[in-house]
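Hi,

Here is the structure I promised to pass on. Have a look at it first, and my notes on what turned up follow below.

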Amino acid sequence: MNINPYHEHRQLLIMVTRACQLDCVYCQFDRTRPAMTKDTLRKAVDLLMTARHPEVKIQFFGGEPLLRMDLVMEGVSYARAAAKRAGKTVGFIVTTNTFALTDALRAKLDAVGVVWILSFDGDADTQDDQRPLRTGGTKFGSAFEQIGKIARSGAPYLVNMTVTPEHADDTERNALRLLDAGVGAISFGSRMGTDWTDECAVAYFRGIRSFLEEARRRGIKPFVLNPVGRDEPMIVSPTPNVDTDGTVYTGSVIPSLEKLLPSVVPIVRLGRLEEMTEFEQLRVDRAELWRRMREAVRGTPEQAVVESGLRMGQLSNAFFDRMVERGLCPGPAVPLVPAPEETADA
Ligand code: SF4
């Protein structure tokens, strides 16, 4: 799976649009703002080309980026030319909720050689409950069919399954539904923006373990990103993200939770594209970010949500270490970032 460990600092998320056809229960995102302009898109690509790494990656992100295929394809062609001038190679990742996917669109992006990140939460009951269409009704069947087609096509992909506390007991069933459709590469994410109880957290991790054990019984060892990507806690993700208006953030979580965590937005805001001359300026000290985020929300209503996100990330790291030790999923590529209180000088 062609996903970079966080420490490599060579990947830029570009949010081409905030618009989306869904209304996910966990989305705390203003989806009404205008899409990115081509000028901003080009500036974002130019900044990435100043990265030290010779192989850079662009992750198209939203909202739903496939609603603005014109911007995605503009980004691809501009980045290829810019990479050639800079003596680099550039790869592309598309994160999609799959609802706009068609055979023709898939073929077009496969021809580009994209890595697919498909956000999909499992079976029809869970998916329709957590991720209703904004216009009502369901398109589960056609979206799920596209996931199966990608999984069987040989294209690089990953299904990102978000689990909410309300559906924590369904974790195993939902992951097996994906496995039954041919999905062999998966990433598990506990819903952020909520306060997980111990009971729900236990149900979530127990469900993943049962899924991995059942896969082993079937003779399948799925690729699981969590112990390899090392991006937990996601709430302090260090992958830079350019918003539609040219604001640069670290990670994509806070724009997604901007309505819920207004105190945290300034902490993860790195500046404006026009202020940046080097991609290195976007590199963050993750432990310091963690410390500042905690400080910003102390004593506010946001504190419980932030602490829960950090705790679930830590629990996830410890859990997947055990799964790797037991041979249930592949091992880590890089060491974990320590929590601030565990560092020598914190
Ligand atoms: S979480 Fe993503 S897919 Fe869901 S409504 Fe928000 S932008 Fe759309």
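The protein chain has 12 helices and 10 strands, where helices (H or I, at least four residues) and strands (E, at least two) are DSSP runs numbered from the N terminus. Keep in mind that this is a predicted model: local features need pLDDT of at least 70, side-chain atom pairs count only at pLDDT 80 or more, and totals for chains, interfaces and linings use all residues. Residue numbers start from 1 along each chain as its sequence is written.

On overall size, a compact globule of 346 residues would have a radius of gyration near 20 Å, and the protein chain agrees with its 19 Å (taken over C-alpha atoms; the globule rule is 2.2 Å times the number of residues to the power 0.38). Along the principal axes, the C-alpha atoms fill a box of roughly 55 × 50 × 40 Å.

Now the ligand. Around it sit Cys20, Leu22, Asp23, Cys24, Cys27, Phe29, Gly62, Gly63, Glu64, Asn97 and Arg131, counting a residue as near if its C-beta atom, placed from the backbone, lies within 6 Å. That shell divides into five nonpolar, three polar and three charged residues (Ala, Val, Leu, Ile, Met, Phe, Trp, Tyr, Cys and Pro count as nonpolar, Asp, Glu, Lys and Arg as charged, and the others, Gly among them, as polar).

Then the helix packing. Helix H7 (residues 198-217) packs on helix H12 (residues 303-325) at an angle of about 25°, with the axes 11 Å apart; axes are lines fitted to C-alpha atoms, for helices over the stretch in contact, and angles run from 0 to 180 degrees between N-to-C directions. H7 and H12 are therefore roughly parallel (angles under 35 degrees; over 145 is roughly antiparallel, 65 to 115 roughly perpendicular and the rest oblique). Ala201, Phe205, Arg209 and Leu212 of H7 meet Met312, Leu315, Phe319 and Met323 of H12, with contact meaning C-beta atoms, placed from the backbone, within 7 Å. By class, that contact of H7 with H12 has seven nonpolar, no polar and one charged residues.

H12 also packs against helix H11 (residues 286-297), at about 155° and with axes 9 Å apart, which makes H11 roughly antiparallel to H12. Trp290, Met293, Arg294 and Val297 of H11 make this contact with Gln303, Val306 and Leu310 of H12.

H7 has another partner in helix H6 (residues 171-180): their axes come within 7 Å and cross at roughly 35°. The contact of H6 with H7 has seven nonpolar, three polar and two charged residues.

Cheers

Terms used
Contact = placed C-beta atoms within 7 Å.
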